[in-house]
Amino acid sequence: MNRKNLIAVTAATLLAAPLAQAQYAGPNAHPTLETVGVVLSDGHDDQSVRLQGRLIRQIDEETYRFSDGSGEIDVEIDDDDFPQVQVSETTRVELIGEIDSRRLRDPEIDVEQLRVITP
């Protein structure tokens with residue numbers, strides 16, 4: 001393989017690789033939350049979440065109601081972050097994102113990645 005092809009392949013591989021999501025873990029760190037119940041009781045704006053459960057209904061074009069058994073919360077999923085497979089209210093999914101909490105409304109999750117959990 002010549003140098004030009006090697007550079008092109010290396011660049012394509014790096015662009016296709018998923019980016020690791022590192023976070024601060026020192027004093028006053030906000031750990032990644034893993035249940036809706038904890039998000040609703042102890043979550044902070046922009047705090048990372050990793051939730052597993054089901055999208056139980058669609059509210060509007062990019063907003064869904066999510067449940068994991070510990071509670072329910074609205075999640076916003078951009079069309080380009082939605083998987084290319086059919087998802088229904090019985091499909092188990094994993095959501096990775098951040099809490100979006102603003103005054104005078106309930107917190108929701110801004111989803112950065114959605115993955116279908118296969119049985």
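This is a predicted model: local features need pLDDT of at least 70, side-chain atom pairs count only at pLDDT 80 or more; totals for chains, interfaces and linings use all residues.

Residues are numbered from 1 along each chain as its sequence is written, and side-chain values use heavy atoms, leaving out hydrogens and water.

Visitor: In what order do the strands of the closed barrel run?
Guide: Strands here are DSSP runs of E, at least two residues, numbered from the N terminus. Two of them pair if DSSP finds at least two bridges between them. The pairing is mixed, and the five strands go β1-β2-β3-β5-β4.

Visitor: How many bridges join β4 to β5?
Guide: These two strands run antiparallel. One of the links is Glu94 with its bridge partner Arg115 in β5. The number of bridges joining β4 to β5 is eight.

Visitor: How many residues has the largest nonpolar core?
Guide: Such a core is a set of buried (under 20% relative accessible area, 1.4 Å probe, protein chains only) Ala, Val, Leu, Ile, Met, Phe, Trp, Tyr and Cys residues joined through side-chain atoms within 4.5 Å. Those with the most contacts inside it include Val39, Phe66 and Ile109. The core's residue count is 19.

Visitor: Is Val85 buried, partly exposed or exposed?
Guide: Val85 sits in the loop between β3 and β4. Exposed starts over 50%, and partly exposed lies between that and the buried limit. Val85 has 46% relative accessibility, so the label is partly exposed.

Technical notes:
Helices (H or I, at least four residues) and strands (E, at least two) are DSSP runs, numbered from the N terminus.
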